[in-house]
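Subject: Structure for you to look through

Hello,

Please find the structure below, followed by notes on what was found in it. Keep it open while you read.

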Number of protein chains: 2
Amino acid sequence: MTTQQLIEQIKIKKSFLAVGLDVDLDKIPKHLLELEDPIFEFNKAIIDATHDLCVAYKPNTAFYEAYGIKGWMSLQKTINYINETYPDIFTIADAKRGDIGNTSSMYAKAFFEDLNFDSVTVAPYMGKDSVEPFLAFENKHTIMLALTSNEGAFDFQTLTVDGKELYKQVLETSKTWKNCENLMYVVGATKAEYFTEIRKIVPDSFLLVPGVGAQGGSLSEVCKYGMNANVGLLINSSRGIIYASNGTDFAEKARAEALKMQQEMEGIISLKF
Amino acid sequence: MTTQQLIEQIKIKKSFLAVGLDVDLDKIPKHLLELEDPIFEFNKAIIDATHDLCVAYKPNTAFYEAYGIKGWMSLQKTINYINETYPDIFTIADAKRGDIGNTSSMYAKAFFEDLNFDSVTVAPYMGKDSVEPFLAFENKHTIMLALTSNEGAFDFQTLTVDGKELYKQVLETSKTWKNCENLMYVVGATKAEYFTEIRKIVPDSFLLVPGVGAQGGSLSEVCKYGMNANVGLLINSSRGIIYASNGTDFAEKARAEALKMQQEMEGIISLKF
């Protein structure tokens with residue numbers, strides 16, 4: 001999917017919601033555990049119930065890898081289901097990968113070719129040659145960690161490097177990399193006041209924003225400081241939507257939570273555009 | 001495996017070699033491609049030919065994920081084969097994972113429980129709460145990136161943060177984390193002159209050292225500056241050993257390369273201890 005197509009979807013759906021598919025067998029409704037592939041059945045129900053309210057799904061690979069081969073099969077079935085049934089949805093493999101060049105090429109192959117995701121999250125610590133192999137894929141998007149939503153973000157990301165914080169250095173340096181137009185960035189919602197500074201460095205890039213909801217970030221604050229002329233935001237919610245209920249009504253309740261977020265987004269979009 | 005058991009294996013085998021199992025179907029001998037699981041058959045042959053010369057195997061997960069479910073099955077068969085056939089071998093999942101706390105817990109479960117690796121590599125960018133879930137596992141080891149062997153290491157790792165380089169800050173901060181005795185660190189061999197400084201910060205920790213061989217690092221230089229009283233080094237070689245030949249003699253040639261390294265290591269150990 002091209003960036004332009006993503007922007008069109010946001011305008012059509014009046015939503016910039018990404019639903020995180022972080023599926024934990026301990027948290028899903030008990031009646032699903034009797035099925036052959038409970039993780040896929042859970043995802044399928046959530047997707048069918050929310051696909052018109054969101055523009056992206058973001059499975060977090062950890063939650064699939066934890067179940068070994070069965071988990072990887074659930075991931076494959078989930079991405080195939082989305083791509084076949086709802087081809088207008090933007091898909092994010094939240095994998096936070098990154099390694100030396102030839103290894104990053106293999107990760108890119110795994111997520112962009114074998115699984116056919118539109119995008120993958122990567123970590124910046126190993127620098128240019130660990131990220132450029134991902135950027136080489138046309139119409140695929142590489143979402144690099146900048147400022148994350150967790151407490152540990154303050155361990156290194158906000159330390160001052162040559163007069164500016166490390167996450168700003170990461171943003172600025174990445175703009176010099178080959179095919180950097182394929183970059184998006186992860187910026188946590190729990191730090192809304194940072195968005196103004198971030199938008200000075202990457203005014204046009206899409207930002208994937210975790211931390212609204214369960215982690216305490218405010219949607220309106222993020223939009224106030226982080227939105228650009230093309231919206232430029234993908235707001236992720238995982239637990240707040242997918243675990244809205246653990247009864248047989250889980251999909252219906254997930255839809256209700258997604259609808260609340262979509263409506264708040266529609267309000268913001270209609271004010272700004 | 002405990003650190004003490006790893007040290008004993010190093011003394012018994014007079015080797016601190018880790019063999020990287022970065023298996024690329026384009027590079028392995030053509031005759032293996034006819035078999036049902038060429039990646040596993042390649043690994044099995046390499047392992048059988050080298051297990052007495054090395055103390056560790058390090059499959060790089062990217063090379064398995066790139067082949068989807070089949071690749072993940074090859075990884076599972078490989079780790080099971082090592083654990084069942086050569087239980088004295090230390091196993092490293094080179095995965096470079098790291099995410100917010102509940103997600104890192106799932107990755108730890110994937111590699112320490114589901115696959116039963118002794119250790120996993122992690123990235124430090126997201127800080128304390130992204131690494132501590134790995135450290136919570138007893139007799140499992142978390143190998144954190146400090147200073148990597150690639151060119152991109154100079155993009156961020158060597159920038160000066162509050163008067164010292166970021167990789168030193170990473171090393172120092174990590175020593176304050178809970179269960180930090182379960183930490184080891186990745187330090188690239190291509191930067192041997194840095195080992196003196198690193199040993200001032202982490203004198204007792206094991207260092208996993210990539211970059212000897214194909215990437216140009218010198219074994220003797222690394223040992224000169226990086227060895228401690230318990231050796232404290234695991235030197236990784238991947239391509240230089242596993243792709244020594246792409247003919248039917250590949251395992252024999254891999255053994256010859258591993259033997260060269262083991263003998264150089266034996267020489268160094270006998271001089272120092």
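**A covered helix**

In helix 8 of chain B, the buried residues are Leu166(B), Tyr167(B), Lys168(B), Gln169(B), Val170(B), Leu171(B), Thr173(B) and Ser174(B). The helix runs over residues 166-174 and is mostly covered, with 8 of its 9 residues buried. Here buried means under 20% relative accessible area, exposed means over 50%, and partly exposed is in between, with a 1.4 Å probe and protein chains only. Helices (H or I, at least four residues) and strands (E, at least two) are DSSP runs, numbered from the N terminus.

This is a predicted model, in which local features need pLDDT of at least 70, side-chain atom pairs count only at pLDDT 80 or more, and totals for chains, interfaces and linings use all residues. Residues are numbered from 1 along each chain as its sequence is written, chains are lettered from A and ligands numbered from 1 in the order in which they are written, and side-chain values use heavy atoms, with hydrogens and water left out.

**The two chains**

**Aromatic rings**

Over all chains, the structure holds 21 aromatic pairs. In one of them, the rings of Phe112(A) and Phe134(A) have centres 6.4 Å apart and planes at 90 degrees, so this pair is edge-to-face. Rings of Phe, Tyr and Trp (its six-membered ring) pair if their centres lie within 6.5 Å; planes under 30 degrees apart count as stacked, over 60 as edge-to-face and the rest as tilted. Phe112(A) is in helix 5 (residues 101-114) of chain A and Phe134(A) in helix 6 (residues 128-135) of chain A, so the pair ties together parts that are 22 residues apart in sequence. Phe112(A) counts as buried at 3% relative accessibility, and Phe134(A) counts as buried at 0%.

In chain B, the rings of Phe112(B) and Phe134(B) have their centres 6.4 Å apart and their planes at 90 degrees, so that pair is edge-to-face. Phe112(B) in helix 5 (residues 101-114) and Phe134(B) in helix 6 (residues 128-135) are 22 residues apart, and their pair links distant parts of chain B. Phe112(B) and Phe134(B) are both buried.

Ring pairs also join Trp72(A), Phe111(A), Phe117(A), Trp72(B), Phe111(B) and Phe117(B) into a cluster.

**Empty space**

Rolling a probe the size of a water molecule over the atoms shows where empty space is left. On a 1 Å grid over the protein atoms alone, a cavity is a set of points where a 1.4 Å probe fits but cannot get out, and a pocket is an open set with protein on both sides within 12 Å along at least five of seven lines; lining residues have an atom within 4 Å of a point. Grid points are joined across faces, edges and corners, and a volume is the space filled by probe spheres set on the points.

The second largest pocket holds about 240 Å³ of space. Its lining has 17 residues, and those nearest its centre are Cys180(A), Glu181(A), Leu183(A), Asp204(A) and Ser205(A). Strand 8 of chain A gives the most to this lining, with 3 residues.

There are 3 cavities of 30 Å³ or more. The second largest cavity has a volume of about 50 Å³. Residues of both chains line this cavity, including Lys96(A), Tyr125(A), Lys96(B) and Leu145(B).

Lys96(B) has a phi near 50 degrees, a positive value in a residue other than glycine. Lys96(B) lies in strand 3 (residues 90-97) of chain B and counts as buried at 7% relative accessibility. Val231(B) is not a glycine either, yet has a positive phi of about 75 degrees. Val231(B) sits in the loop between helix 10 (219-226) and strand 10 (233-237) of chain B, and is buried, with a relative accessible area of 4%.

Regards
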